[in-house]
Amino acid sequence: MGPPGVGKGTQADCIKNELMIVHLSTGEILRAEVDAKSVIGINAKLYMDFGRLVPDNILIEIVTERISKSDCQNGYILDGFPRTLPQAKGLDKMMHSIGHDLDCAISLTANKDELLDRLIKRGEESSRSDDTPDVIRNRQNIYWEQTAPLLDFYHDKGILKEVDGLGEIPEITKRILDILK
Ligand code: ADP
């Protein structure tokens, strides 16, 4: 978990390679649906382009289907999900029903100005339609309003670990791996 631009996707990729588990990014899955112009994609785009959250039921359906696949049986990293309390509760339920356990919730931290700079730069380099200053600000606000409260949810379960998201990429990967191992 962590605000937009903190490096969740980058770190999840490094850790996936190290631990040989699946990296499941709901942002990537949704962007693929948008590109494919599927019903989910056409719907999701209405929210994503404004930096708003796609409705919980769509996300819960996507993740339930994905983690039931055989390549997820040895473990997976969820990146970008859950983002709301109903999603977190939905995740609990779906994992429980297929005999999975959530081992750890990693919260990557960084200060807001650093994040805005990183995202504006990413917007200039990539074609992500939601990396423009106004939409970024919106995504950041939504993170603090709707997703940050989940930190308490996982803290209360005793599985939350905070990791400083500032520094060199390999250094941060090591901080996370040290916790997971
Ligand atoms: P970032 O974390 O950098 O903002 P993501 O790639 O994780 O970007 O997500 C991009 C967009 O996809 C979000 O702004 C949101 O519209 C949508 N999205 C991704 N995951 C979820 C989720 N779990 N719940 C609702 N919307 C989501």
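**Reading contacts, strands and a ligand site**

Me: Which residues does Ile142 touch, not counting residues up to four places away in sequence?

Reply: Ile142 touches Gly51, Arg52, Leu53 and Thr147 when residues up to four places away in sequence are not counted. Contact here means heavy atoms within 4.5 Å. This is a predicted model, in which local features need pLDDT of at least 70 and side-chain atom pairs count only at pLDDT 80 or more, whereas totals for chains, interfaces and linings use all residues. Residues are numbered from 1 along each chain as its sequence is written, and side-chain values use heavy atoms, with hydrogens and water left out.

Me: Is Ile142 buried or exposed?

Reply: A residue is called buried under 20% relative accessible area, exposed over 50%, and partly exposed in between, with a 1.4 Å probe and protein chains only. Ile142 has a relative accessible area of 11%, so it is buried. Ile142 belongs to helix H7, residues 133-147. Helices (H or I, at least four residues) and strands (E, at least two) are DSSP runs, numbered from the N terminus. As a reference for distance, Lys69 is 73 residues from Ile142 in sequence and 30 Å from it in space, C-alpha to C-alpha.

Me: Which residues come nearest to the ligand?

Reply: A residue is near a molecule or strand if one of its heavy atoms lies within 4 Å of it. There are 19 residues around the ligand, and Thr26, Arg52, Gly80, Arg83 and Gln87 come nearest. Helix H2 (residues 26-35) gives the most to this shell, with four residues. The shell holds seven nonpolar, four polar and eight charged residues.

Me: Where does an N or O atom of the side chain of Arg139 lie, relative to an oxygen atom of the ligand?

Reply: A polar contact is a pair of N or O atoms within 3.5 Å; within protein, one must be able to donate a hydrogen and the other to accept it, and residues adjacent in sequence count only if both atoms are side-chain atoms. A side-chain N or O atom of Arg139 is 2.9 Å from a ligand oxygen. A polar side-chain atom of Arg128 is 3.2 Å from an oxygen atom of the ligand, and a backbone N or O atom of Gly80 is 2.8 Å from a ligand nitrogen. Taken alone the ligand exposes 550 Å², of which the protein buries 97%; such areas come from the Shrake-Rupley method with a 1.4 Å probe, and for residues only the protein chains shown count as cover.

Me: With which residues is Arg139 in contact, leaving aside its neighbours within four places in sequence?

Reply: Arg139 is in contact with Pro4, Gly51, Leu119, Arg122, Arg128, Asp130 and Asp131, its neighbours within four places in sequence left aside. Arg139 lies in helix H7 and counts as buried at 11% relative accessibility.

Me: Which residues of strand S2 are buried on one side, and which on the other?

Reply: In a regular strand the side chains alternate between the two faces of the sheet. Strand S2 (residues 76-79) has Tyr76 and Leu78 on one side and Ile77 and Asp79 on the other, all of them buried. Two strands pair if DSSP finds at least two bridges between them. Four bridges join S2 in the parallel sense to strand S1, residues 22-25, and Leu24 has Leu78 as its bridge partner.

Me: Why is strand S3 largely enclosed by the rest of the structure?

Reply: Strand S3 (residues 105-109) is largely enclosed because four of its five residues are buried. S3 runs parallel to strand S4 (residues 160-164), with five bridges between them; Ser107 stands opposite Glu162 of S4.

Me: What is phi of Met20, a residue other than glycine?

Reply: Met20 has a positive phi, near 50°. Met20 sits in the loop between helix H1 (8-19) and S1 and, at 70% relative accessibility, counts as exposed. Lys37, also not a glycine, has a positive phi of about 55°; its place is the loop between H2 and helix H3 (39-48), and at 64% relative accessibility Lys37 counts as exposed.

Notes
Ala, Val, Leu, Ile, Met, Phe, Trp, Tyr, Cys and Pro count as nonpolar, Asp, Glu, Lys and Arg as charged, and the others, Gly among them, as polar.
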